Amino acid sequence: MSTVKDKVAIITGASRGIGASVAERLARDGFMVVINYAGSAAPAAELARKIEAAGGKAITAQADVSDAAAVKRMFESAEAAFGGVDVLVNNAGIMTLAPLADSDDAIFDRQIAINLKGTFNTLREAAHRLREGGRIINFSSSVVGLLQPGYGVYAATKAGVEAMTSVLAKELRGRNITVNAVAPGPTATGLFLDGKSPELIERLAKLAPLERLGQPEDIAASVSFLAGPDGAWINGQTLRANGGII
Ligand code: NAP
């Protein structure tokens, strides 16, 4: 795709799960990619090797997105390696489920720190640094629509992400930068699968009319659309990629 040649994409939380698929897909689309991770150095390095072996360009960048100084360093290393940043995919996130009555301060603070403040930290840097024509893709969740019991704190962080998405789209007026969010439904990654029984996974997989779990590649395809030339006219929106669950 010649239009994305020489463009640079940072994908947060790209060592595994959806983020790893997004990095691979955007590299295949022609972007130079920055694979951010918090702790999983080896899988991130392996993904970079795989992308390079397929003819792409990739570096890894360790940064806990909840740490504003580390996020700044991540952008600086991307600029040093590739000359600038055009696309930010704010994929890093965690989920801890518990009824509000049983959610302790640590459950609340950690999800706020990574999902909400982490997204804020990267958006602030991106707002200063993204080149003209850039794209920002945040990660919400379809639980913002479903609002099931147990998802209170997690859904609240993602509702905040959707709000910042629409606000930043307006604040970047005049720069030809779009800001959107993708809101997956149940997707087959550690975040969704860990701690659930096979029966519960099967039941949740059948909720969407398409009657299966999303795969990381399904979500990467939506991100590819929003980051690529065909997504140019979509701005300030949240795209629910969920097989029709809501
Ligand atoms: P995952 O498989 O658990 O992967 C999470 C990724 O985020 C890992 O690469 C992890 O890196 C990284 N990460 C975690 N904390 C981080 C931090 N503080 N700083 C930087 N990176 C961090 O999760 P996933 O399912 O792919 O989720 C990706 C996004 O989709 C999240 O925002 C999630 O809320 C959203 N989502 C997922 C689903 C689903 O069903 N899977 C549904 C809706 C929305 P390390 O390994 O290095 O820690």
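The lining of the second largest pocket splits into 9 nonpolar, 5 polar and 2 charged residues (Ala, Val, Leu, Ile, Met, Phe, Trp, Tyr, Cys and Pro count as nonpolar, Asp, Glu, Lys and Arg as charged, and the others, Gly among them, as polar). Helices H8 (198-205) and H9 (216-227) are the elements that give two or more residues to this lining, and H9 has the largest share with 3 residues. Helices (H or I, at least four residues) and strands (E, at least two) are DSSP runs, numbered from the N terminus.

A word on the model: it is predicted, so local features need pLDDT of at least 70 and side-chain atom pairs count only at pLDDT 80 or more, while totals for chains, interfaces and linings use all residues. Residues are numbered from 1 along each chain as its sequence is written, and side-chain values use heavy atoms, with hydrogens and water left out.

Here are the two pockets side by side. On a 1 Å grid over the protein atoms alone, a pocket is an open set of points where a 1.4 Å probe fits, with protein on both sides within 12 Å along at least five of seven lines; lining residues have an atom within 4 Å of a point. A volume is the space filled by probe spheres set on the points, which are joined across faces, edges and corners.

| Pocket | Volume | Lining | Nearest the centre |
|---|---|---|---|
| Largest | about 940 Å³ | 45 residues | Asn 91, Gly 93, Ile 94, Met 95, Leu 191 |

The ligand takes up the space of the largest pocket (more than half of its atoms lie within 2 Å of the grid points). Around the ligand are 32 residues, with Arg 16, Gly 39, Ser 40, Tyr 154 and Thr 189 coming nearest; to count as near, a residue needs a heavy atom within 4 Å. This shell holds 15 nonpolar, 14 polar and 3 charged residues, and H7 (190-193) gives the most, with 3.

Now for the polar contacts (pairs of N or O atoms within 3.5 Å; within protein, one must be able to donate a hydrogen and the other to accept it, and residues adjacent in sequence count only if both atoms are side-chain atoms). Asp 64 puts a polar side-chain atom 2.9 Å from a ligand nitrogen. Thr 187 uses a backbone N or O atom, 2.8 Å from a ligand oxygen, and a side-chain N or O atom of Thr 189 is 2.4 Å from an oxygen of the ligand. Taken alone the ligand exposes 910 Å², and the protein buries 94% of that (Shrake-Rupley areas with a 1.4 Å probe; for residues, only the protein chains shown count as cover).
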